[in-house]
Amino acid sequence: MERRTVEEVGAILDVGELGRRGALAFGANGTLAFGDGPTVDFQTDRDHLHLGGQVINIASVACGCFGVRACWRCPGCQQRARRLYLPPGETQFLCRACHGLAYASQHEGPGDRAVRKAGKALDRLGPPDGSVRDMGRRLRAMRPIFQAILAELGGIEQGGR
Ligand SMILES: [Zn+2]
């Protein structure tokens, strides 16, 4: 069965975008429009976004030395997520995993791409033999890859996707 992709979901709740629009501030309220779909009333209290009939927990994540950053706590699995999705025909905003959404391969998320890249690089190195020499070889080989991933993730956190 072909999985739906995130690109096919019009209604996406992006914590970064809402934060920039001030919608996550305590006491904020208004309506949100999702593509061509209906507008939904929302109201924000200290830790929750009340959206239509759904209450979504807003979690904070410590973020380096720059304080905290908001993210959703997925109502389905309680995992933190930057984005929640409402696929057509569904009634709840849930994370990508809970809705079983895939990224279309050519449009996969930068985080996914980075993790896939690191996995491939590790595969190329073969199984570890436990020696210090082998550990050094691994660290040297992975360093540029991890640096690239960090750069990529830095871009995500600043700009969203
Ligand atoms: Zn979930």
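Select F93 to begin: leaving aside neighbours within four places in sequence, this residue is in contact with L13, L51, Q54, I56, L84, Y85 and L86, where two residues are in contact if their C-beta atoms, placed from the backbone, lie within 7 Å. The model in your viewer is predicted, so that local features need pLDDT of at least 70 and side-chain atom pairs count only at pLDDT 80 or more, while totals for chains, interfaces and linings use all residues. Residues are numbered from 1 along each chain as its sequence is written.

A nonpolar core is a set of buried Ala, Val, Leu, Ile, Met, Phe, Trp, Tyr and Cys residues joined through C-beta atoms within 7 Å; a residue is buried if 20 or more other C-beta atoms lie within 10 Å of its own, exposed if 12 or fewer, and partly exposed in between.

Now colour by secondary structure, taking helices (H or I, at least four residues) and strands (E, at least two) as DSSP runs numbered from the N terminus. The chain holds 3 helices and 8 strands, and from the N terminus on its elements run β-α-β-β-β-β-β-β-β-α-α.

From here, select strand β4 (residues 48–51), where L49 and L51 make up the covered face and H48 and H50 the uncovered one. In a regular strand the side chains alternate between the two faces of the sheet.

The next stop is V6, in the segment before β1 (11–14). Because V6 has 19 C-beta neighbours inside 10 Å, V6 counts as partly exposed. Not counting residues up to four places away in sequence, V6 touches Y85, R96, L101 and Y103; between V6 and Y103 the C-alpha to C-alpha distance is 5.6 Å, although they are 97 residues apart in sequence.

Finally, show the whole chain again: of its 161 residues, 14% count as buried, and among contacts with a separation of 6 or more, residues 24 or more positions apart account for 40%.
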